[in-house]
Amino acid sequence: MTDLTVHRFRGGDGVALAWREVGEGRPLVLLHGLMGSGAQMADGPGRAIAEQGYRVILPDLRGHGDSGRPHDPARYPPDILADDGLALIDHLRLDDYHLGGYSLGGKLVLRLLARGARPTGAVVGGQGLDALDAETDRTPGYRRVLTAIADGATFEPGSAEAMTAGWIAQAGVDARAIAYLLDSFVATPKDALRQVPTPTLIVAGHGDTRSASAGELAGLLPNGRLVLIPGDHLGAIGAPEFVDAVVDFLG
């Protein structure tokens, strides 16, 4: 696990939010996936991208990692992750910077672009058209398991729910906080993306079910580009081709 220094600032509502950094050069804010962390992203593609001449900024999203995990649903209003992301960009006084993310992080990149963030380049990893929806067909399952864990429920040994619960426990996820966070997601209108001038890379694994509509997602953006790489949703971010695609695109 990474030993990078944890930096902190407060979001607009006072919740403490954390980030890490690695490397020097043009800033790249790189956002992790659901139930992940900035530390995991650092130990994945973060360091490899930094070695190519980037200052990689790795936030812990609200409810994750070293950021605040309040057990108060009022702390998870609609679009709070985009609010936090814009607050971090402002806190760091970023101007000429890149923005990227994988899975939930990619969904959040789209929200930030729709909300007016204007990085020099953007990367949306592991996403297709359903990233525009507030909820996908995966969300109810996550919510059900997270809520059950938070309430102390157990699952039938060997069931899919038991396997998911075991992974969540091993990852140190705060089930209550993430369950609340799921309710904060909002839809991104297609027309909002059609107004985004930022060059944007959509990158997904060949074996990721989301890749079936990744080309349509890229087509919504005036300067969108699609690259498919080896791997499924979990594996593609660890493939060297992911780093190659990001670095080649951002230049």
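Tutor: Here is a walk through the spaces, then the cores and a couple of landmarks.

First, some ground rules: this is a predicted model, where local features need pLDDT of at least 70, side-chain atom pairs count only at pLDDT 80 or more, and totals for chains, interfaces and linings use all residues. Residues are numbered from 1 along each chain as its sequence is written, and side-chain values use heavy atoms, with hydrogens and water left out.

On a 1 Å grid over the protein atoms alone, a cavity is a set of points where a 1.4 Å probe fits but cannot get out, while a pocket is an open set with protein on both sides within 12 Å along at least five of seven lines; a lining residue has an atom within 4 Å of a point. Points are joined across faces, edges and corners, and a volume is the space filled by probe spheres set on them. Helices (H or I, at least four residues) and strands (E, at least two) are DSSP runs, numbered from the N terminus.

Let's start with the largest pocket, at about 1000 Å³. It has 38 lining residues, and those closest to its centre are Leu34, Ser103, Tyr142, His233 and Leu234. Helices H1 (38-50), H3 (104-114), H4 (139-150), H5 (160-171) and H9 (233-236) each put at least two residues into that lining, with H4 giving the largest share, 5 residues. By class, you get 16 nonpolar, 15 polar and 7 charged residues (Ala, Val, Leu, Ile, Met, Phe, Trp, Tyr, Cys and Pro count as nonpolar, Asp, Glu, Lys and Arg as charged, and the others, Gly among them, as polar).

The second largest pocket holds about 190 Å³. Of its 18 lining residues, Gly36, Ser37, Gly65, Arg69 and Ala171 lie nearest the centre, and the classes split into 6 nonpolar, 7 polar and 5 charged.

The largest cavity has about 100 Å³, and Pro59, Asp60, Leu61, Asp84 and Gly85 are the closest to its centre among 13 lining residues. Strand S2, strand S4 (54-60) and helix H2 (80-91) each give two or more residues here, and H2 gives the most, with 4. This lining comprises 9 nonpolar, 1 polar and 3 charged residues.

At about 80 Å³, the second largest cavity comes next. H2 and H3 each supply at least two of its lining residues, and H3 gives the most, with 4. Among the residues around this cavity are Ile80, Leu104, Arg111 and Phe185; by class, the lining has 7 nonpolar, 1 polar and 3 charged.

What about the packing? A nonpolar core is a set of buried Ala, Val, Leu, Ile, Met, Phe, Trp, Tyr and Cys residues joined through side-chain atoms within 4.5 Å, and buried means under 20% relative accessible area, exposed over 50%, partly exposed in between (1.4 Å probe, protein chains only). The largest core has 51 residues, of which Leu31, Leu146, Leu193 and Leu217 touch the most other members. A second, separate core of 25 residues includes Leu4, Ala42, Leu58 and Val203.

Finally, Pro157 sits in the loop between H4 and H5 and counts as exposed because its relative accessibility is 75%.
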